[in-house]
Amino acid sequence: MTVTVPGTESTDTSGAAGAAGAAEALRPHAEDAFAAELSALAAADDRPRPARWRLSPWAVATYLLGGTLPDGTVITPKYVGPRRIVEVAVTTLATDRALLLLGVPGTAKTWVSEHLAAAVSGDSTLLVQGTAGTPEEAIRYGWNYARLLAHGPSRDALVPSPVMRAMADGMTARVEELTRVPADVQDTLITILSEKTLPIPELGAEVQAVRGFNLIATANDRDRGVNELSSALRRRFNTVILPLPATPEDEVDIVSRRVAQIGRSLELPELPEGVEEIRRVVTVFRELRDGVTGDGRTKLKSPSGTLSTAEAISVVTGGLALAAHFGDGVLRSGDVAAGILGAVVRDPAADRVIWQEYLETVVREREGWKDFYRACREVTA
Amino acid sequence: MTGAPRARATGPLLLGVRHHGPGSARAVRAALEACPPRVVLIEGPPEADAIVGLAAEKDMRPPVALLAHAADDPGRAGFWPLAGFSPEWAAIQWALAHEVPVRFIDLPAANSLAMAAKKPPAPAPAPAVEPAPAGPSDPAGPSDPAGPSAPAAEPGPLDPVDPGNQAAPGDQVAPGDQTAPAAASAERMRVDPLAVLSEAAGYDDPERWWEDVIEHRGTGGAEAFTAVAEAMEALRAEYGHGGHEDDAVREAHMRLRLREARREFGDEVAVVCGAWHVPALGERTTATADRKLLKGLPKVKTEISWVPWTHRRLARHSGYGAGITSPGWYDHLFHAPDRPVERWLTKVAGLLRDEDFAVSSAHVIEAVRLAETLAAMRGRPLAGLAETLDAVRAVMCDGSDVPIALVRDRLVVGDILGEVPESAPAVPLQRDLTRTQRSLRLKPEALERELELDLRKETDAGRSRLLHRLRLLGVDWGAPAVSRGSTGTFRETWRLRWEPELAVRVAEAGVWGTTVLSAATAKAETEARSAKGLAEVTELAERCLLAGLSGALPIVMRSLADRAALDADVGHLAQALPALVRSVRYGDVRGTDTAALGEVAVGLAERILVGLPPACVGLDADGAAEMRRHMEAVHRAIALLSETEMAGTETGTGTETGTQPHTQPHTQTDMSTTGMSTTETRSAEPRAADGLRARWAAMLRNLAGRDGTPATPGLIRGRAARLLLDDGRLAEDEAARLMGLALSPGTQPPEAASWIEGFIGGGAGGGMLLVHDERLLGLVDRWLISVPAEAFTDVLPLLRRTFSAYDTGVRRTLGELVRRGPAADGPTGVGGQGAPAAPGFGPGLDPDRAAAVVPTVRLLLGLDPVPHANDSMEAAR
């Protein structure tokens, strides 16, 4: 027997909250924020759509990468990066394989997954946040214990998880930080992804996924102490690694923009100067991360830290705060040096050597970096 | 297919292909099967007519290349590579199997090589090596771009145009490296026919367009020939020769040869050539006009042969590579009987499994699905290389690029190596060797003999270089022997013996180039790229210098710097540095430019400088002994390096060492800040090595000054102190202080003993120090007395090892000093102030008496005759 999951029933609270919050929300859902673009795309989209998809794969890719529709509607790019990655991700969803987005923190994994779900299913809220304490119920189903005790096990007493609801309705479910979920809980996904069913032994029933169901998971591939996916589960996923920004220009741009936003929310005074330092921070991060200098002529060792764009942003923000509150208001080398040191030297022994090598062999010789070199020597010694 | 190509004319079957296109190759095969001609004409140098029969031999396996070179100058050569999936190769194979004659109809190599040599006086910089012959022939097409010849031979022109080329669209750009010279004509706007066509079709990538339209269509390319020919015709009508003016000459020659063939065989003639040329061949011109075009072309005597080729070289964008980025994939497309995507992904899975990736059949299934869906989404008729690799990455490799790199290297490019039958004519390398041997008057003899070379003489230097180059190429004609006489760097001794199998080695080495120099350079570069360890590259650098391969040095240096940067083991770095510094010195002797080398050496030293202190922590006895050896080697190397660097400038390190000891050591206690300030104050001057030396000293000082807590072995600390002292960078009382610290009661006796070994161990010099500085001797003596009885047996072997290395004389003197015993107490000696501050073993020196010899000593040393008053002690020593 197949149970129809009362999707509306369980969502009504969130639905109400959503309605009330749409206007006031600190951050609206993707499908609300970009509703106009989505409907314009749907109108212009004449290509075949997989079952229960709101858009064709081509239109989903366009939604993420940006473009101009025949009617002149401009679709803003949601993701700046290689086209190939988005195409593989969308195609994966179309082939009913689950999608695993990997990447170091700050590479827009969650962002991409939210927008994919919004574009494919028109709903990005079927979300399970993975933590070390995520229970099986969050992925399968739980019980309303008052009803369970009063009426015994029945489908009314069942509290479906977002994944279960997505299966029943043919929607896209999302699991964030999959590798933080305990291994035994992770493995409940195996049946869901391979058999596309979710058995409910207590009722002698099951939920069968409807066409259009799929799952997007994100995970961080740089963390230690996480629960690696079992190979059985891994096999159910197509993996896409989201890269760090491709060019220094992109990255400087992203960092400056984010820093400006954060600075405003922290009410730091505006700093007129400092682009130079931002560029420098980004350069240092990129070079150490990539293991090669910007001109491609010298190889370097890479430290153990991730040195993501997000960290560059926080180094610059910290430097700004220093400059604003304790300095002369201009972002200088000294303001970012300590932050950089903290980001680079994670392992006190090995990373320190790497950092010093970098200072001595690269920074010292570099034109116009003398003050930076000196500042770094000062904090490193 | 039959009808189509013919449609254009009742005349010959004109098969316009893309060089190295598997789809074209299939189509050519099918077309020939469908209406067999009586002769097959192929775009290629007619000289090859004579040796085309070899292609049918069992031992001939593609990829191979036709190699034409000027008879008197093997360095001037052109290659026409042919892979198993090249349409030309398919046509040759078909013709040989059906006993149909094959003729090559392009401009003779005799002309194209001569033109290449002549035309680009200035433009062709690289011609010497790769005159990019007529590259036209094609396959080489893109490669040719290498084209120095571009300007010259013409390849440039043709190729780019040949649709074929498109295979290597990149090339057209890439050729830039060398073809840059061609820029002149390039400016006149070369037309890339494929780019124009694909743009018309709405593709942004011409290569992809060609793949979709032609290569991925299986064998049904019959209409394609007509279609492509028509498209080319339209293009040529619009663009004329499209900037490839040398084509006119080549095409005139092709037409002449075609006419000839038609006279002989009638209309049953098939022509396989770049699609770009098809319209020209159909053109109605008179034989006279064509002959006129060909009149007066320069000529050079050439020889031609088959040489083995590799997929990797086909893939190379420079040199003779064909610029085919994915020969392995093309090979697969050409040879797979059906379901190319499924077969390809199965192959990939097999490779990954061999490399221990867990890849199951389920993975392959999913990868096929993903690749096909991707292709559909991208609007391509068949999943291509890009789709399959994307699918492999997402499904089989967990999104990682690392295994993909492996797939690219092994499958997309591939390791396939061609073979050539033994009956193929000799390779030019052998000729070059013979010529060089003659000019150096060095005869190959089977009898072993010894050869003494004086590198100051031109001929001898040339011989030495030749022998070193041959060794690099694996032709061990001479083996270096130990010089009997002088050990000067300008002398070399070789043991020569020519064995018959060396000829085979020479033939094998022919893959690397056409002259000994270019082959050795190419080989050295390849070895540098593939070398595993740092030491290997260092050695290679040394050999390059010996062999005078300055062309290979930049790449070797680069590889060296890269490996040094990634090597985390200070030991490896320390091992590499001395050899490198030697090379710098040696280069000086030979007059080689070693600036780059010096730079790398300084960089290496910097890394050691940073890495050494942490590496000295927590070592056991053996580790400490090894580290001490490294430290000493690096110390010497750094001194040598700074001397070398400063040889030109006036400031000798000697003066610095001499004057500094009393001033600097005391103030410099903190190593890092000192090091930095020293560097900075000096950075204005161009004396990197000098700063290096100062920083090295600062680092030693830091090591010497460590107390036991970061667990730096006593051996290392003692040695560091000693190296500083010998360099005059440590004042004597500072040394005494350090020794006092190391030998104080708080230190475990074995630790103290190893400090002593480090400080005064290692040969006679160590002992002399004790003889002359009684304070130090006193410290050792007192410490020894204070060692508790139970610890004494532990310490004894260490001490014995230290002291037994001393000369007999030193040991006796020490013994006498010790027997005299410590003087009563308090300062001894008359003056008191000149005597050692520590309780000594006898009366201190009498400064007045010692001063008496000072003038004589100064005279002997050639120093300023007026001694400083308080220098007497020093002078006396």
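**Group meeting talk: a two-chain predicted model**

Back up into the helix itself. α26(B) runs over residues 534-547, so to speak a 14-residue stretch, and from first C-alpha to last it reaches 20 Å, close to the 20 Å expected at 1.5 Å a residue. How many of its 14 residues are buried? For α26(B) the count is 10, and the helix is mostly covered. The buried ones include Leu534(B), Val537(B), Leu540(B) and Ala541(B), and towards the end of the helix you'll find Cys544(B), Leu545(B), Leu546(B) and Ala547(B). Thr538(B) and Arg543(B) are on that buried list too.

Now put α41 of chain B, residues 808-820, beside that. With 13 residues at 1.5 Å a residue, α41(B) should span 18 Å, and because its end C-alpha atoms are 18 Å apart, the two values agree. What about cover? α41(B) is hardly covered: one of its 13 residues is buried.

Okay, zooming out to the chains. Chain B has 877 residues, and 51% of them count as buried. Its secondary structure comes to 43 helices and 10 strands. Take the contacts in chain B between residues at least 6 apart in sequence: 73% of those join residues at least 24 apart. Chain A has 381 residues, with 46% buried, and I get 18 helices and 11 strands there. For chain A, the corresponding share of contacts joining residues at least 24 apart is 70%, again among pairs at least 6 apart in sequence.

Let's go to the sheet in chain B. It's an open sheet of three strands, in the order β8-β10-β9, and the pairing is antiparallel. Which strands are at the edges? Those are β8 (449-454) and β9 (478-481) of chain B, each pairing on one side only. From one strand to the next, the twist averages 35°. If you look at β8(B) with β10(B), residues 491-496, you'll see an antiparallel pair held over six bridges. Asp454(B), for instance, stands opposite Arg491(B) in β10(B). There's also a helix on this sheet: α23 of chain B, residues 458-472, packs on it and touches β8, β9 and β10 of chain B. The direction of α23(B) makes about 125° with that of β8(B).

Next, a helix pair in chain B. α17(B), residues 327-335, and α21(B), residues 402-414, pack at an angle of about 50°, with axes 4 Å apart. The two helices are therefore oblique to each other. Who meets whom? On the α17(B) side we have Pro327(B), Gly328(B), Trp329(B) and Asp331(B), and on the α21(B) side Leu411(B), Val412(B), Val413(B) and Gly414(B). By class, that contact has five nonpolar, two polar and one charged residues.

Last stop, where the chains touch. Here 30 residues of chain A are in contact with 30 residues of chain B. On the chain A side, the elements giving two or more residues are α4 (57-65), α5 (83-94), α12 (231-234), β11 (237-241) and α17 (350-363) of chain A. Which element gives the most? That's α5(A), with six residues. And the chain A side divides into 11 nonpolar, nine polar and 10 charged residues.

That's my tour; happy to take questions.

Terms used. Residues numbered from 1 in each chain as written. Chains lettered and ligands numbered in written order. Predicted model: local features only at pLDDT ≥ 70, side-chain atom pairs only at ≥ 80, totals over all residues. Axes fitted to C-alpha atoms, helices over the stretch in contact; angles between N-to-C directions. Parallel < 35°, antiparallel > 145°, perpendicular 65-115°, else oblique. Contact = placed C-beta atoms within 7 Å. Nonpolar A, V, L, I, M, F, W, Y, C, P; charged D, E, K, R; others polar. Expected span 1.5 Å × (residues − 1). Buried ≥ 20, exposed ≤ 12 C-beta atoms within 10 Å, placed from the backbone. Pairing = 2+ DSSP bridges.
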